[in-house]
Amino acid sequence: MCAFIGPFSLFSENPPLHKKFLALSALLIMAFLNPITAFAAELDGSSLSPLWGVPFIGLLLSIAVGPLLFADFWHAHFGKLALAWVLVLLLPFAAVFGPHAAIAGAVHALLAEYIPFIALLTALFVVAGGICVRGNLHGTPALNTGLLALGTVLASFMGTTGASMLLIRPLIRANDNRRHCVHIVVFFIFLVANAGGALTPLGDPPLFLGFLNGVSFFWTMQNIFWHTAFICVALLVIFYLLDRHYYHNREEQRPPQQDPTLDTALSQLGFDGKFNFVLLLVIIGLVLMSGFWKSGIEFSIMGTPVALQNILRDVALVLVILLSLWRTPDTARRGNDFSWGPIVEVAKLFAGIFITIIPVIAMLRAGEAGAFGGIVRAVSASSGQPINIMYFWITGILSSFLDNAPTYLVFFNTASGDANTLMTILPSTLAAISAGAVFMGANSYIGNAPNMMVKAIAEERGIRMPSFFGYMGWSFLILIPLFVIMSFLFFW
């Protein structure tokens, strides 16, 4: 009897570590070499009822209220709940459109989106988690602001996930004697996990999709630099003032939590696991390779085309993960309190999100003919001219709760679909779409994958992070006013 290996069983915490990665490798190889004939995996969203979005909404509500109403049950069974919502979608879908269509849709979501997503995310999580910053960092407002600024800059060149995984642990450790740390992690999500990735295609998946569709590599840096500078500088100033307020509170300090792996006399910065810096460069190179190199070779798996360069990228990412686990000293991962909990949570929940979101994205892609045609019509004037401020807000609001990469692509195609036209004739429209997709991913925990990973790492370190709606309270009070100002400055 053969055991089924799927996205939920693969990331179970029970199997030994080496078996997890052997399973992932086998899954990738079998999926890529499977010679199943083509099937039209693209779903006609114009024929779908909005009721097909119920499983996706149900999963989002589960993520939002589960930790609040039944915390112990949620943390023990969130993967099973995500799987339940997947079945709520796939079983009726199979009954209406046929089992083959349901399987083809799931395969398309897994091969075209989920496996590349989780392979890159896991590689960055493992590699960055193997770099331990040594030294007696003391979390003053100046140091914290400096670390946030550094992460913000790095995010555009090593990705929001890479920068977040590299710096979140040192930042938390530097503030382990602070009673108020929640605001530090919240602003870290705002800046490092989101806004900082706006300047290059390496920074955030929506921009990488634009790059693959013909947007030049440096276009975003040239056209939304001042948008990014505005939001990032404003957030850094607000953070510094807030952190200084907490820091000078007489009840703020408490005895530091001594890390037993650190030399208490150590004052200079140092790194354990330096080999992982090389692996970070390898990951960046693999991402660029898959964007620049067009092999012309594709394998069709139930209608889902999988290009050779993407196969090589994802298999190489698995090898990078194994190499990092093999070469990284145990002291580095112990110093980071490295555990698999955050990536397990993200892997299970986003597997459910990527499948249940299928009909929602299909309805958006159907444009005015779909159930969400009113949304698509709202971004254009009666003359047909794009309304940039609406592109910014609608792309942004949808990116706050949907996957921001396909949301970007939907409005990229709505505006024109031609990169040259958007870059030359409609640059403000493309800037609005890009800014909305990247910046507003910070509005909720599920707006961008690093958000949830940073939250999980902070909670493992004993920081009581806000609930789903509590975090949105932070974003509503701080981010939304800045986005309103940005709308009048750049898109009016």
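Me: Is Arg 313 buried or exposed, and at what relative accessibility?

Reply: Arg 313 counts as buried, at 10% relative accessibility. Buried means under 20% relative accessible area, exposed over 50%, and partly exposed in between, with a 1.4 Å probe and protein chains only. This is a predicted model: local features need pLDDT of at least 70, side-chain atom pairs count only at pLDDT 80 or more, and totals for chains, interfaces and linings use all residues. Residues are numbered from 1 along each chain as its sequence is written, and side-chain values use heavy atoms, without hydrogens and water.

Me: Which residue forms a salt bridge with Arg 313?

Reply: A salt bridge is a side-chain nitrogen of Lys or Arg within 4 Å of a carboxyl oxygen of Asp or Glu. Arg 313 forms one with Asp 314; the closest N and O atoms are 2.9 Å apart. Asp 314 is buried, with a relative accessible area of 1%.

Me: How many salt bridges does a search of the whole structure find?

Reply: The search finds four. One of them joins Asp 243 and Arg 178, with the closest N and O atoms 2.7 Å apart. Asp 243 lies in helix 10 and Arg 178 in the loop between helix 6 (141–174) and helix 7 (182–191), so the pair ties together parts 65 residues apart in sequence. Helices (H or I, at least four residues) and strands (E, at least two) are DSSP runs, numbered from the N terminus. Asp 243 is buried, at 0% relative accessible area. Arg 178 is buried too, at 0%.

Me: Where do Lys 455 and Glu 459 lie?

Reply: Both lie in helix 21 (residues 449–460), four residues apart, about one turn of the helix. Lys 455 is buried at 12%; Glu 459 counts as partly exposed at 30%.

Me: Which ring does Lys 455 lie over?

Reply: A charge sits over a ring if NZ of Lys or CZ of Arg is within 6 Å of the ring centre and within 35 degrees of the ring normal. Lys 455 lies over the face of Tyr 445, at 5.3 Å from the ring centre. The charged end of Arg 327 sits over the ring of Phe 275, 4.4 Å from its centre.

Me: What describes a pair of aromatic rings?

Reply: The distance of the centres and the angle of the planes describe it. Rings of Phe, Tyr and Trp (its six-membered ring) pair if their centres lie within 6.5 Å; planes under 30 degrees apart count as stacked, over 60 as edge-to-face and the rest as tilted. The whole structure holds 32 aromatic pairs. Phe 211 and Phe 292 form an edge-to-face pair, 5.0 Å centre to centre, with 75 degrees between the planes. Phe 211 is in helix 8 (residues 205–212) and Phe 292 in helix 11 (residues 275–292), 81 residues apart. Phe 211 is buried at 12%, whereas Phe 292 is exposed at 54%. Phe 392 and Phe 491 form a tilted pair: 4.9 Å centre to centre, 35 degrees between the planes.

Me: Which residues form a cluster through ring pairs?

Reply: Phe 230, Phe 392, Trp 393, Phe 483, Phe 490 and Phe 491 do.

Me: Which residues is His 227 in contact with?

Reply: Contact means heavy atoms within 4.5 Å. Leaving aside neighbours within four places in sequence, His 227 is in contact with Phe 439, Met 486, Phe 490 and Phe 491. His 227 is in helix 10 (residues 225–247) and is buried at 8%.
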